[in-house]
Amino acid sequence: MEHEDDPDVDEPLETPLGHVLGRESTPSEQVGPEGPGTAAGESKPVLTEEERQEQTKRMLELVAQKQREREEREEREALEREKQRRRQGQELSAARQRLQEDEMRRAAEERRREKAEELAARQRVREKIERDKAERAKKYGGSVGSRPSPPVSEPGPVPSSPSQEPPTKREYDQCRIQVRLPDGTSLTQTFRAREQLAAVRLYVELHRGEEPGGGQDPVQLLSGFPRRAFSEADMERPLQELGLVPSAVLIVAKKCPS
């Protein structure tokens, strides 16, 4: 034989790993349990009962931790929403309080303005009365100026001797006068009890509407009941003395030319 003189001819024949005599090894036989090179006959290691319990325990702990984290996150979000709701409530309450304060301030300013306008109107009425008195005194040569002397002396004893009046009688400082105009409308105003009737007439002349012709005729004041026409001399007398306190209804009529 041609190889009988080889040095290793007497050594036993070794079969290559992973090979079977007469066939090539397949790729699956070259893959081991941890990758290539592992034999096909070998399998993954089997977990023991304790290892499976430990693995299950770790999984449960991980799930519980995730659950706690989610609950903590939801609790923080709910707390933040509550804080935001409280802030919005406080801002809304502050806005309502500012609105109320503004309304109260505007109402106070409106009352002060109305009071100032009323005082100014009363001042204009008093000035007009003084001018009318001066004009009548100048026109009648001082005879009209001597008329107010009786009213000045007459109301004086009323407060100075209260013991002579009945106990049930009450003193009024103001009186409410309602004036009915010829067109059916009415005016209502409060005067001081010691103001003259001329103040009422002047108030009517200032607040009644204009006549169709554009001018205003002189007016005469009448009492409702008992029926009474007030004269020029009555214009200088206080409302208290004329029995128009605490309230009265007067009728406006066109003054007949004398």
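Biologist: How far apart are N and O in the salt bridge where the side chains of Arg 52 and Glu 49 meet?

Modeller: This is a predicted model, where local features need pLDDT of at least 70, side-chain atom pairs count only at pLDDT 80 or more, and totals for chains, interfaces and linings use all residues. Residues are numbered from 1 along each chain as its sequence is written, and side-chain values use heavy atoms, leaving out hydrogens and water. A salt bridge needs a side-chain nitrogen of Lys or Arg within 4 Å of a carboxyl oxygen of Asp or Glu. For Arg 52 and Glu 49 the N to O value is 2.4 Å.

Biologist: In which helix do Arg 52 and Glu 49 both lie?

Modeller: They are 3 residues apart, about one turn of the helix. Helices are DSSP runs (H or I, at least four residues), as are strands (E, at least two), numbered from the N terminus. The helix is α1.

Biologist: Is Asp 234 buried or exposed?

Modeller: Asp 234 forms a salt bridge with Arg 228, with the closest N and O atoms 3.4 Å apart. Buried means under 20% relative accessible area, exposed over 50%, partly exposed in between (1.4 Å probe, protein chains only). Arg 228, at 32%, is partly exposed. Asp 234 has 8% relative accessibility, so it counts as buried.

Biologist: Which residues are linked with Asp 234 in a network of salt bridges?

Modeller: A search of the whole structure finds 16 salt bridges. The network links Asp 234 with Arg 228, Arg 237 and Glu 241.

Biologist: At what angle do the axes of helix α1 and α4 cross?

Modeller: Helix α1 covers residues 49-139, and its axis comes within 9 Å of that of α4. Axes are lines fitted to C-alpha atoms, for helices over the stretch in contact, and angles run from 0 to 180 degrees between N-to-C directions. Under 35 degrees counts as roughly parallel, over 145 as roughly antiparallel, 65 to 115 as roughly perpendicular, the rest as oblique. The axes cross at roughly 110°, which means α1 is roughly perpendicular to α4.

Biologist: Which residues of α4 make the contact?

Modeller: Contact means heavy atoms within 4.5 Å. From α1 come Arg 124, Val 125, Lys 128, Ile 129 and Arg 136. From α4 come Ala 198, Ala 199, Arg 201, Leu 202 and Leu 206.

Biologist: What is the order of the strands in the open sheet?

Modeller: Two strands pair if DSSP finds at least two bridges between them. Strands β3 (residues 174-180) and β7 (residues 247-254) run parallel, joined by 5 bridges. The sheet has 5 strands with mixed pairing, in the order β4-β3-β7-β5-β6.
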